[in-house]
Amino acid sequence: MTTFLVPTNSVDSSAAACDYLVDRLEADDSVVAVNSLVGGDETSAEAVRDGKEALNVVAVRLGGVASVDTHQFVRGNEQAADVLEACEEFDPDELVISIRDRSPTDEAVFGSVSRQLLLDAERPVVSVPRER
């Protein structure tokens, strides 16, 4: 039995992770999909809806293949902190992240959740590209 943690913030991220996982999953595997929102004034109703849709994609696409559990976190944390906390909570065997192409300026100014997860996760991390 293998547990995969899939952080997602969009249907595109979810689709990329599902494309990677669908052929790897076995019936006794489990997938935990998480969406992280800061909350309060920093989180719009649209962001909540988009997060729920992203989680739903994972549940629908992978639910017939393996056990799927979804969580939307609104805990006031940065996304990477929530994902790392979820790693501690759910103890996945593998973290599956979706990456997008960003310019070096974007990454320097805004940071990179994916980069932080690659550096700080204490388990294997697989990065799958999002379609453009």
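**Sheet and helix packing in a predicted model**

Strand β2 (residues 30-37) and β3 run parallel and are joined by eight bridges. Within this pairing, Ala33 has Thr70 of β3 as its bridge partner. The structure is a predicted model, in which local features need pLDDT of at least 70 and side-chain atom pairs count only at pLDDT 80 or more, while totals for chains, interfaces and linings use all residues. Residues are numbered from 1 along each chain as its sequence is written, and side-chain values use heavy atoms, with hydrogens and water left out.

Helices (H or I, at least four residues) and strands (E, at least two) are DSSP runs, numbered from the N terminus. Confidence is given as pLDDT, the predictor's score for each residue from 0 to 100. The chain averages 89, and 90% of the residues score at least 70. Confidence is highest in strand β1 (residues 3-7), at 97. It is lowest in helix α4 (residues 104-110), at a mean of 51.

Five strands form an open sheet in the order β3-β2-β1-β4-β5, with parallel pairing. Two strands pair if DSSP finds at least two bridges between them. β3 (67-74) and β5 (125-129) each have a single partner strand, so one side of each lacks a neighbour in the sheet. On average, neighbouring strands are turned by 25 degrees against each other, direction ignored.

Two helices were examined against this sheet. Contact means heavy atoms within 4.5 Å. Axes are lines fitted to C-alpha atoms, for helices over the stretch in contact, and angles run from 0 to 180 degrees between N-to-C directions. α1 packs on the sheet and touches β1, β2, β4 (94-99) and β5. Its direction makes about 130 degrees with that of β4. α5 also packs on the sheet, touching β1, β4 and β5. The direction of α5 makes about 155 degrees with that of β4.

Helices also pack on each other. The axes of α1 (residues 11-21) and α2 (residues 45-62) come within 8 Å and cross at roughly 20 degrees. The two are therefore roughly parallel (angles under 35 degrees). Their crossing is right-handed (the near helix is turned clockwise from the far one by less than a right angle). Residues in this contact include Val11 and Cys18 of α1 and Leu55 and Val58 of α2.

The axes of α3 (residues 79-90) and α5 (residues 113-120) come within 9 Å and cross at roughly 35 degrees. This crossing is right-handed. Gln79, Ala80, Val83 and Leu84 of α3 meet Val113, Gln116, Leu117 and Asp120 of α5.

Note on methods
Angles under 35 degrees count as roughly parallel, over 145 as roughly antiparallel, 65 to 115 as roughly perpendicular and the rest as oblique.
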